Amino acid sequence: MIRAAVLVSGGGTNLQALLDAKAAGKLPEVEFVCVVGNRRKAYGLERARMAGIEAIYLPTVRFETNEAYNIALRDLLLEKKIDLIVLAGFLVVLGQTMVDAFPNRIINIHPSLIPSFCGDGFYGLKVHEEALRRGVKVTGATVHFVDGGTDTGPIILQKAVEILPEDTPESLQLRVMQQAEWKLLPEAVRLFSEGKLIVEDGRVREI
Ligand code: GRF
């Protein structure tokens, strides 16, 4: 059994996908120990409470620097003996402090096919706006391990989603979530929990 923490800043639909997978018996090797949110209004914290999981509000505004926040987060998650950290729409930059404490133990979901539409400034609706502006016909989602960069870590899973002529950023965001994100994230967590992900030379191999 692995001990997992999920970090959220917003609505937490990806967190919900994880909780639903757990309730459906699809993540037998995972215990969700806590959900951490950096915004008081993050609905993900409420979702955690409703599922009977400890919800921890660790506000970014209480810390003067990003590094100070990272240290507090690291200490909290080490104290809780967390094996896997899942970033599910967590909008705080994790620095080397967190990455060093949890090497290849932090995973993130990004709503594009990395290396397209990723990196600094590509988050939320912006990702989908840029995909539509560029006129790509296919986008998708990526689950990856977190390293020191922004969206640069080893890729675990990807899934493609078709772009339709009538798409708006909002409609595309929803379809990418429904068709890709909510499926990929539980699957990546399952593979991790069963010890099936090996990182070699910056790439993930499934065993
Ligand atoms: C998702 O699109 C995710 O890919 C991105 O932030 C969004 C979070 O949505 N990193 P939610 O809070 O899980 O509903």
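Strand E1 (2-8), strand E2 (30-37), strand E3 (54-57), strand E4 (84-87) and helix H4 (96-101) are among the elements covering the buried residues of helix H3. Keep in mind that this is a predicted model.

**Helix H3**
- H3 takes in residues 66-79, so 14 residues by the DSSP runs used here.
- From first C-alpha to last, H3 reaches 20 Å, close to the 20 Å expected at 1.5 Å a residue.
- Its buried residues are Tyr69, Asn70, Leu73, Leu76 and Leu77.
- Look down the axis of H3 and those buried residues fall within an arc of 130°, so they line one face of the helix.
- Following H3 comes Lys81, which has a positive phi, near 55°.

**The sheet**
- Seven strands make an open sheet with mixed pairing, in the order E3-E2-E1-E4-E5-E6-E7.
- At the edges sit E3 and strand E7 (155-162), each pairing on one side only.
- From one strand to the next, the twist averages 20°.

- Strand E6 (residues 138-145) and E7 run antiparallel and are joined by seven bridges.

Note on methods. Residues are numbered from 1 along each chain as its sequence is written. This is a predicted model: local features need pLDDT of at least 70, side-chain atom pairs count only at pLDDT 80 or more; totals for chains, interfaces and linings use all residues. Side-chain values use heavy atoms; hydrogens and water are left out. Helices (H or I, at least four residues) and strands (E, at least two) are DSSP runs, numbered from the N terminus. The expected span of a helix is 1.5 Å times one less than its number of residues. Buried means under 20% relative accessible area, exposed over 50%, partly exposed in between (1.4 Å probe, protein chains only). The arc is that of the directions from the helix axis to the C-beta atoms. Contact means heavy atoms within 4.5 Å. Two strands pair if DSSP finds at least two bridges between them. Axes are lines fitted to C-alpha atoms, for helices over the stretch in contact, and angles run from 0 to 180 degrees between N-to-C directions.
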